[in-house]
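The following exercises concern the structure shown below.

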Amino acid sequence: MITGFALVCLNVLDLDEAKDFYVNTLGFDVGVDMVRDDFRWLTVHPSGRPELPMMLVVPGAPVVDEGTAKQLRDLIARGYLGLGALATQDCWATYRELKAKGVEFTEEPEERFYGIDAAFRDPFGNHWRLTQPKNLDEIRATIEPPAAP
């Protein structure tokens with residue numbers, strides 16, 4: 001039985017720049033930063049949440065060939081490989097904090113059926129949502145049941 005996610009991978013264009021952004025700007029902690037078998041293993045996680053690791057990876061060997069790596073790098077830079085949403089307890093406060101640190105927001109916080117949500121990009125173009133989520137019962141209460149056939 002699957003019990004959760006053990007690791008999420010995010011393609012970036014430069015590991016040192018990614019580490020700086022995710023640690024020094026967004027406030028993540030470094031889990032692992034080491035070289036093993038000629039490959040740099042770099043994971044970060046939300047502060048105090050080591051059970052939620054995200055591996056930062058530059059597309060290339062040994063995972064993909066150079067032609068595919070080039071295509072992936074192009075998609076990253078154009079913002080097509082965004083991963084999902086990062087949770088916050090106060091979307092507006094986190095938005096103001098990150099905006100003051102120079103984070104490029106593409107949407108200000110807005111109330112949605114699932115919570116308060118904003119959008120930003122990392123330095124490489126990856127699209128992220130910043131979400132103050134409602135709990136599942138609150139979300140389900142706003143969803144209308146499907147119409148009977």
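A contact means heavy atoms within 4.5 Å. Helices (H or I, at least four residues) and strands (E, at least two) are DSSP runs, numbered from the N terminus. Buried means under 20% relative accessible area, exposed over 50%, and partly exposed in between (1.4 Å probe, protein chains only). The model is predicted, so that local features need pLDDT of at least 70 and side-chain atom pairs count only at pLDDT 80 or more, while totals for chains, interfaces and linings use all residues. Residues are numbered from 1 along each chain as its sequence is written, and side-chain values use heavy atoms, with hydrogens and water left out.

**Exercise 1. Determine the order of helices and strands in the protein chain, and describe the chain as a whole.**

Step 1. The protein chain contains four helices and eight strands. Along the sequence they follow the pattern β-α-β-β-β-α-β-α-β-β-β-α.

Step 2. The C-alpha atoms fill a box of roughly 55 × 45 × 30 Å along the principal axes. Of the 149 residues, 32% count as buried.

Step 3. Among contacts with a separation of 6 or more, 49% join residues 24 or more positions apart.

Step 4. For the charges, Lys and Arg count as positive and Asp and Glu as negative, without His and the chain ends; each is placed at NZ of Lys, CZ of Arg, CG of Asp or CD of Glu. The mean positions of the 15 positive and 24 negative charges are 1 Å apart.

**Exercise 2. Identify the buried residues of helix H1 and explain why they line one face of the helix.**

Step 1. In helix H1 (residues 15–25), the buried residues are Leu15, Ala18, Phe21, Tyr22 and Thr25.

Step 2. Viewed down the axis of H1, these residues fall within an arc of 155°, and therefore line one face of the helix. The arc is that of the directions from the helix axis to the C-beta atoms. An α-helix has 3.6 residues a turn, so residues three or four places apart point the same way.

Step 3. The face turned away from the buried side of H1 carries the exposed residues Asp16 and Asn24.

Step 4. The partners of the buried residues of H1 are strands S1 (8–11), S3 (39–45), S4 (54–57), S7 and S8, together with helix H3 (91–100).

Step 5. At the start of H1, a side-chain oxygen of Asp14 comes within 3.1 Å of the backbone nitrogen of Asp16. After H1 comes Gly27, with a positive phi near 90°.

Step 6. Thr25, a residue of H1, has a relative accessible area of 14%. Beyond four places in sequence, Thr25 touches Asp20, Leu98, Lys101 and Val103.

Methods: Polar contact = N/O pair within 3.5 Å; in protein donor to acceptor, adjacent residues only side chain to side chain.
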